[in-house]
Amino acid sequence: MRRPFSNNVIFYDTEFSNLDPHTGEILSIGMVKISGEELYLELEHAGPVGDWVKEHIIPKLKGPYVRREEARRRIKEFVGDGKPYALSYVNAYDTLYFYKLFGFPRGDQPCYWLPVDISSIIFGVGKDPAKLFEYAAELGIDTKQYTQHHALHDARLVRDVYTKFFAIEPA
Ligand SMILES: [Mg+2]
């Protein structure tokens, strides 16, 4: 039986404005705890937005849009003081833009400094890490319930794959 190193984890996903780390920012974030408790926020954003994002992400944003300060406050409140491992899927940009949202130095970050990536877990069991939906289906998850590229749905999928993979029953 597989056991993760820690149960102090929080699942999340972000949608962001573009792939240039200098200008890119979070547009929406979904966070889910093992318990299933959820937070979803869409953020005010006035900067440039990539073409792919215009087509695939913007139509999924419905508002209301919160200011970044408000987003930080609500994320901190949701995450709490336990410094959980932040766990997402292909986490490079999620991590970077999450760090950017909270600014530097890192001391203000609500999650533990070391992020965890579920694509690495999938890679480690010999499956294609690019195919999260396929792997979820293999685990017996009904993938039709998730709208891809919606931050809350993506975060739910990460949680559901992770808890299924480790056979974790929510307390
Ligand atoms: Mg996403």
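The chat below goes through the sheet, the helices on it and the nonpolar core of a predicted model.

User: What should I know about the numbering and the model first?

Analyst: Residues count from 1 along each chain as its sequence is written. The model is predicted, so to speak by record: local features need pLDDT of at least 70, side-chain atom pairs count only at pLDDT 80 or more, and totals for chains, interfaces and linings use all residues.

User: OK. In what order do the strands sit in the sheet?

Analyst: The order is 4-3-2-1-5-6, in an open sheet of six strands with mixed pairing. Strands are DSSP E runs of at least two residues and helices H or I runs of at least four, numbered from the N terminus; two strands pair if DSSP finds at least two bridges between them.

User: Which strands are at the edges?

Analyst: Strand 4 (65-66) and strand 6 (116-117). Each has a single partner strand, so one side of each lacks a neighbour in the sheet.

User: And strands 1 and 2, parallel or antiparallel?

Analyst: Antiparallel, joined by seven bridges. T14 stands opposite I29 in strand 2.

User: Switching to the core. Which residues have the most contacts inside it?

Analyst: F11, L87 and V158, in the largest nonpolar core, which has 34 residues. Such a core is a set of buried Ala, Val, Leu, Ile, Met, Phe, Trp, Tyr and Cys residues joined through C-beta atoms within 7 Å; buried means 20 or more other C-beta atoms within 10 Å of the residue's own, with C-beta atoms placed from the backbone.

User: Which helix gives the most?

Analyst: Helix 6, with seven residues.

Key: A residue is buried if 20 or more other C-beta atoms lie within 10 Å of its own, exposed if 12 or fewer, and partly exposed in between; C-beta atoms are placed from the backbone.
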